[in-house]
Amino acid sequence: MVPHYTYIMKEKMKKYGIIGYPLAQSASPAFFNRKFADEGIEAQYIPFEIESTDELPHILEEHPELQGFNVTIPHKIAIMQHLEGMSDSAKAINAVNVVKVMRDTDGKAHLWGYNSDVIGFTRSIQPLLKEHHKKALVLGTGGASKAIVYALQHLGIECQYVSRKASD
């Protein structure tokens, strides 16, 4: 269960973001800033290009309005050392791609990690499944494939990985 922390915003715009390295290819800032504008949400989505998650405390200190952030390559595993807790799926997959930032009354940041690949995949595939879908062949053994296997197994589907490398 996610602990609850109360933090009062002092008329500042909420901020969200993404951490990763490199981030030049990321479409997330443009997508989310456009979505916020289109929906009249007073928020900003900021790219935080960091080579190491050790830079995270500095970001949290400089951006007290930061409500949460996405995590991309190469930090999906390294971010876990900075978290107070994780969802069950993030623990099982051993990868975090979404972090919720909660602040206590002293302004101290408390971080909770999730893996949104599981819910995204489950919601997209579940309406398509039929009674005869009992097995799945999963191409690749990376982080996204681990999330897919986790989701499929929770839907009662047996999975087998296929990889181009014998060692994976």
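Two aromatic rings, from Phe, Tyr or Trp, count as a pair here if their centres lie within 6.5 Å. With that in hand, a search of this whole structure turns up four aromatic pairs. Keep in mind that you're looking at a predicted model.

**The aromatic rings**
- Tyr16 and Phe36 make one of the pairs, a tilted one, with 5.8 Å from centre to centre and 45 degrees between the planes.
- Tyr16 sits in strand β1 and Phe36 in helix α1, so this pair ties together parts that are 20 residues apart in sequence.
- Phe31 and Phe32 form an edge-to-face pair: their centres are 5.0 Å apart and their planes make an angle of 85 degrees.
- Phe31 has 43% relative accessibility, so it counts as partly exposed, and Phe32 gets the label partly exposed too, at 26%.
- Zooming out, ring pairs join Tyr16, Phe31, Phe32, Phe36 and Tyr45 into a cluster.

- β1 covers residues 14-20 and β2 covers residues 43-49; the two strands run parallel and pair over seven bridges.
- To find your place in that pairing, look for Gly17, which stands opposite Ile46 in β2.

**Helix α4**
- Which residues of α4 (residues 116-125) are buried? They're Val118, Phe121 and Thr122.
- Looking down the axis of α4, you'd see these buried residues fall within an arc of 100 degrees, so they line one face of the helix.
- At the start of α4, Asn115 has a side-chain oxygen within 3.0 Å of the backbone nitrogen of Asp117.

**His110 in strand β6**
- Where is His110? You'll find this residue in strand β6, which takes in residues 109-114.
- His110 counts as buried because its relative accessibility is 9%, and buried means under 20%.
- The side chain of His110 makes a polar contact of 2.3 Å with the side chain of Glu84.

Technical notes
Residues numbered from 1 in each chain as written. Predicted model: local features only at pLDDT ≥ 70, side-chain atom pairs only at ≥ 80, totals over all residues. Heavy atoms only, no water. Helix = DSSP H or I, 4+ residues; strand = E, 2+ residues; numbered from the N terminus. Buried < 20%, exposed > 50% of the residue type's maximum accessible area, 1.4 Å probe, protein only. Polar contact = N/O pair within 3.5 Å; in protein donor to acceptor, adjacent residues only side chain to side chain. Pairing = 2+ DSSP bridges. Arc of directions from axis to C-beta. Phe/Tyr/Trp six-rings, centres within 6.5 Å; stacked < 30°, edge-to-face > 60°.
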